[in-house]
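Dear colleague,

Please find the structure below, followed by my notes on what was found in it.

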Amino acid sequence: MLTLLRRILWRLPHDGTVAQFGAIPWRGHAGQREFLLVTSRRTGRWIFPKGGRIAWLSARDCAAQEAFEEAGVEGVVAREPAGSYRAVRIRPEGRQDIEVEMYPLEVKVELDDWPEKKQRRRRWASFGDACILLSEPGLVQVLRDFAAAGQDREDKP
């Protein structure tokens, strides 16, 4: 019971904000970096894959799992996050504050079939197009910081 309680408490920031983890899927294409965006299930907005903590996975492995489930990609996840952002998630039961830690994921495999294929669309976009398509300002800033830092260097497991 204590182990379960620790897992639950570890998942929640102390201020009541819910922790989530996401991936910034990217690849090199024609000498440029491209980013893979997916649509959200409820609103159809363009986002990067993200989701809640899975108790038995590390933060970066949670990000990789979300990229697999939502975008159908696998690859190499950076050891350190590119950054984080706060947002508000509106649910039928009310609003919920979330903080999302984003991990760059260099895409090595793009699957033809994946768990949420029928619920989402995916699209490769240039840096500029991704900044326009992403509707969450905090997420755009994390992407800008990642691009500026060049975190695709040998920052691999």
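In this predicted model, the largest nonpolar core has 22 residues, and the members touching the most others are Ile24, Phe35, Leu37, Phe48, Met102 and Leu143. A nonpolar core here is a set of buried Ala, Val, Leu, Ile, Met, Phe, Trp, Tyr and Cys residues joined through side-chain atoms within 4.5 Å, where buried means under 20% relative accessible area, exposed over 50% and partly exposed in between, with a 1.4 Å probe and protein chains only. Two or more residues each are given to this core by β1 (18-29), β2 (32-39), β6 (83-91), β7 (94-110), α3 (127-133) and α4 (137-149), and α4 provides the largest share, five residues. Apart from this core lies another, of 18 residues, which includes Ala23, Val77, Tyr103 and Trp124.

Leu37, once neighbours within four places in sequence are set aside, is in contact (heavy atoms within 4.5 Å) with Trp46, Ile47, Phe48, Arg121, Arg122, Arg123, Ala125, Ala130, Leu133 and Leu134.

As for the overall layout, the chain has four helices and eight strands, arranged along the sequence as α-β-β-β-β-α-β-β-β-β-α-α; these are DSSP runs numbered from the N terminus, helices being H or I of at least four residues and strands E of at least two. Of its 157 residues, 39% count as buried, and among contacts between residues at least 6 apart in sequence, 69% join residues at least 24 apart.

Helix α2 (residues 59-71) has 13 residues and reaches 18 Å from first C-alpha to last, close to the 18 Å expected at 1.5 Å a residue, the expected span being 1.5 Å times one less than the number of residues. Its buried residues are Ala59, Cys62, Ala63, Glu66, Ala67, Glu70 and Ala71. Seen down the axis of α2, these fall within an arc of 140°, so they line one face of the helix; the arc is that of the directions from the helix axis to the C-beta atoms. They pack against β1, β2, β4 (50-52), β5 (73-77), β7 and β8 (122-126). Gly72, which follows α2, has a positive phi, near 70°.

A search of the whole structure finds zero disulfides (pairs of cysteine sulfur atoms within 2.5 Å).

On conventions, residues are numbered from 1 along each chain as its sequence is written, and side-chain values use heavy atoms, with hydrogens and water left out. Because the model is predicted, local features need pLDDT of at least 70 and side-chain atom pairs count only at pLDDT 80 or more, whereas totals for chains, interfaces and linings use all residues.

With best regards
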